[in-house]
Amino acid sequence: MNYVIVVAGGKGLRMGADVPKQFLLLGGEPVLMRTMECFYRFDAQLQMVLVLPRDQQTYWRELCRTHNFNLPYLLADGGTTRFESVRNGLALIPSDAQGVVAVHDGVRPMVSAEVVERCFGVAQQAKAVIPVAPVVETLRQVMPDGTSQTVNRDAYRLVQTPQTFDLQLLKRAYQQPYCSDFTDDASVVEALGMQITMVEGNKENIKITTPFDLDVCERLLALSSLHGLN
């Protein structure tokens, strides 16, 4: 069986909203619901684990009733760090389970079905897969003394989710003690000495952190509806 852990622990302070960003409406539906639906459309048999702070779970259940949202999932408590949240999600998957598991940001509701399929497909053999996008703007590296210099943007990629792994590999990786260098799941797996395989992401796969991001997603959603893609 394959799995997806959807991590939705943000408070959304940069959104300036009264509710966490994962609960804001996108096309009339909470962002988090749209994110979860991306994976259900990919594979209705996918076992989904939602990681949500305990103090947000009552509000989430109310939203589910209001929007008649009834996709099946397991619910795990969010931790104080992303590392702890993912580990809590993994704990709900049986220790002897086999398969592929993806970890996805709850506020990335525009991931394409092609990217999800690509990540799961490649991870069957490669074991550790991340979707990436090219850097299209000029990059400058800031030095400790405050000076800066241009760097070769072709040597860099923007990392997205779902980051997708052999399930037992990711479970083993998350048995490691927490380290501040663990900025995403790939960095946790790399600490075991594993190589990460990159696959093409989709540029619309925006992580919603500001009102501008939400506005962009609204426009993308409207375009996809206009062309019958959503």
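With which residue does R82 form a salt bridge in which the closest N and O atoms are 3.0 Å apart?

Reply: The partner is D185, and the closest N and O atoms of R82 and D185 lie 3.0 Å apart. The model is predicted, so local features need pLDDT of at least 70 and side-chain atom pairs count only at pLDDT 80 or more, while totals for chains, interfaces and linings use all residues. Residues are numbered from 1 along each chain as its sequence is written, and side-chain values use heavy atoms, with hydrogens and water left out. A salt bridge here is a side-chain nitrogen of Lys or Arg within 4 Å of a carboxyl oxygen of Asp or Glu.

R82 and D185 form a salt bridge between two helices: R82 belongs to helix α3 and D185 to helix α6 (residues 185-190), so the pair ties together parts that are 103 residues apart in sequence. Helices (H or I, at least four residues) and strands (E, at least two) are DSSP runs, numbered from the N terminus. R82 is partly exposed, its relative accessible area being 26%. D185 has a relative accessibility of 0% and counts as buried. The cut-offs are under 20% relative accessible area for buried, over 50% for exposed and in between for partly exposed (1.4 Å probe, protein chains only).

R82 also forms a salt bridge with D105, where the closest N and O atoms are 2.8 Å apart. In this pair R82 sits in helix α3 (residues 82-90) and D105 in strand β6 (residues 100-105), so the bridge ties together parts that are 23 residues apart in sequence. D105 is buried, at 6% relative accessibility.

By the salt-bridge rule the count comes to seven. One of the salt bridges joins the side chains of R219 and D215, at 3.1 Å from N to O. R219 and D215 are four residues apart in helix α7 (residues 211-226), which means that about one helical turn separates them. R219 is exposed at a relative accessible area of 56%, whereas D215 is partly exposed at 34%. Elsewhere, salt bridges that share partners link R82, D105, R108 and D185 into one network.

I196 is buried, with a relative accessible area of 15%. Leaving aside residues up to four places away in sequence, I196 touches A128, I130, A186, V189 and E190, where contact means heavy atoms within 4.5 Å. I196 and I130 are 66 residues apart in sequence, yet their C-alpha atoms are 7.2 Å apart in space.

Next come some points in the backbone. K127 has a positive phi of about 75° although it is not a glycine. K127 lies in the loop between α4 (113-126) and β7 (128-134), and at 32% relative accessibility K127 is partly exposed. N68, also not a glycine, has a positive phi of about 50°. The place of N68 is in the loop between α2 and β5, just after α2. N68 is exposed, with a relative accessible area of 64%. A cis peptide bond, with omega of about 15°, joins T161 and P162. P162 is placed in the loop between β10 (157-159) and β11 (163-166).

Helix α2 (residues 54-66) packs with helix α1 (residues 31-42) at an angle of about 70°, their axes being 11 Å apart. The axes are lines fitted to C-alpha atoms over the stretch in contact, and angles run from 0 to 180 degrees between N-to-C directions. L32, M33 and M36 of α1 make this contact with W60, L63 and C64 of α2.

In α2 the buried residues are Q56, Q57, W60, L63 and C64. These five cover an arc of only 125° around the axis, which puts them on the same side of α2; the arc is that of the directions from the helix axis to the C-beta atoms. The buried residues of α2 pack against β3 (29-30), α1, β4 (47-52) and β5 (74-77). The face of α2 turned away from its buried side carries the exposed residues D55, R65 and T66.
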